[in-house]
Amino acid sequence: MRYGLPDRQNAGRGGIVSNSISLLFFRTAAILLIVGMLFGIYMSASGNHATAGAHAHLNLIGFVVMSVYGIFFALNPKKSAGRLPKILWGLNTIAAVVMFPSLVLLLNGYPGFEPLVAAASFLALAGAILFAVLLFQPEAV
Ligand code: HEM
């Protein structure tokens, strides 16, 4: 699989041209959604909602934001090429994966994990800034 190139199997079939980087975003989002929902079910079953913030951020950064990035690259194959989309995927994935457990621990009374939550937040923000840079970059012709 070569990231950043239009998927030849889907190209030219009249539908939305998919590409492997958008699939990578969607696959990651699907896995994180399952983890987020399982954690939500655990919170419901245990009656302990103290970590609702961690659940919410995993679902929102890991599934919603990740999926929106994936939709963007599916709709804009020209923007899918190069290193920036892969860096964006890395930033958002690390942000979600680091933020979730450290926020669970922080909300369970371990304040030492706050710097990790802060670091993950800045990674998510860096991803959002990179997304904006990609959006404002002139189209390659
Ligand atoms: C199996 C699916 C899910 C279950 C069982 C579940 C369960 C829960 C529970 C028990 C709470 C705490 C409610 C409270 O204390 O008032 C909660 C909060 C929340 N959930 Fe979910 N959830 C699920 C899916 C999702 C998804 C897919 C999203 C977002 C895309 C989401 C976003 C949120 C948000 C934003 C909150 C509020 C957090 C807060 O108040 O700090 N949840 N959820």
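Colleague: Over which residues does pLDDT stay under 50?

Modeller: That is residues 1-15, for which the model has 24 contacts beyond four places in sequence. pLDDT is the predictor's confidence in each residue, from 0 to 100, and two residues are in contact if their C-beta atoms, placed from the backbone, lie within 7 Å. Where pLDDT is low, the predicted coordinates should not be read in detail.

Colleague: And what's the mean pLDDT of the chain?

Modeller: The mean is 90, and 86% of the residues reach 70 or more. This is a predicted model, so local features need pLDDT of at least 70, side-chain atom pairs count only at pLDDT 80 or more, and totals for chains, interfaces and linings use all residues. Residues are numbered from 1 along each chain as its sequence is written.

Colleague: OK, on to the ligand. Which residues come nearest?

Modeller: Met37, Gly40, His49, Ala56 and Asn59, out of 15 residues around the ligand. A residue is near a molecule if its C-beta atom, placed from the backbone, lies within 6 Å of it.

Colleague: Which helix gives the largest share of that shell?

Modeller: α2, with 8 residues. α1 (20-46) and α2 (52-75) each supply at least two. Helices here are DSSP runs (H or I, at least four residues), numbered from the N terminus.

Colleague: How does the shell divide by class?

Modeller: Into 8 nonpolar, 7 polar and no charged residues. Ala, Val, Leu, Ile, Met, Phe, Trp, Tyr, Cys and Pro count as nonpolar, Asp, Glu, Lys and Arg as charged, and the others, Gly among them, as polar.

Colleague: At what angle do α1 and α2 pack?

Modeller: About 160°, with their axes 8 Å apart. Axes are lines fitted to C-alpha atoms, for helices over the stretch in contact, and angles run from 0 to 180 degrees between N-to-C directions. That makes α1 roughly antiparallel to α2 (over 145 degrees; under 35 would be roughly parallel). Their contact has 16 nonpolar, 9 polar and no charged residues.

Colleague: What about α1 and α3, parallel or antiparallel?

Modeller: Roughly parallel: their axes cross at roughly 5° and come within 10 Å. Ile21, Leu24, Phe25, Thr28 and Leu32 of α1 make the contact with Pro85, Lys86, Trp89, Thr93 and Ala96 of α3. By class, that contact has 7 nonpolar, 2 polar and 1 charged residues.

Colleague: Last one: how far apart are the axes of α3 and α4?

Modeller: 8 Å, and α3 (residues 84-107) packs against α4 (residues 114-136) at about 155°. These two are therefore roughly antiparallel. Their contact divides into 20 nonpolar, 4 polar and 1 charged residues.

How values were computed
Parallel < 35°, antiparallel > 145°, perpendicular 65-115°, else oblique.
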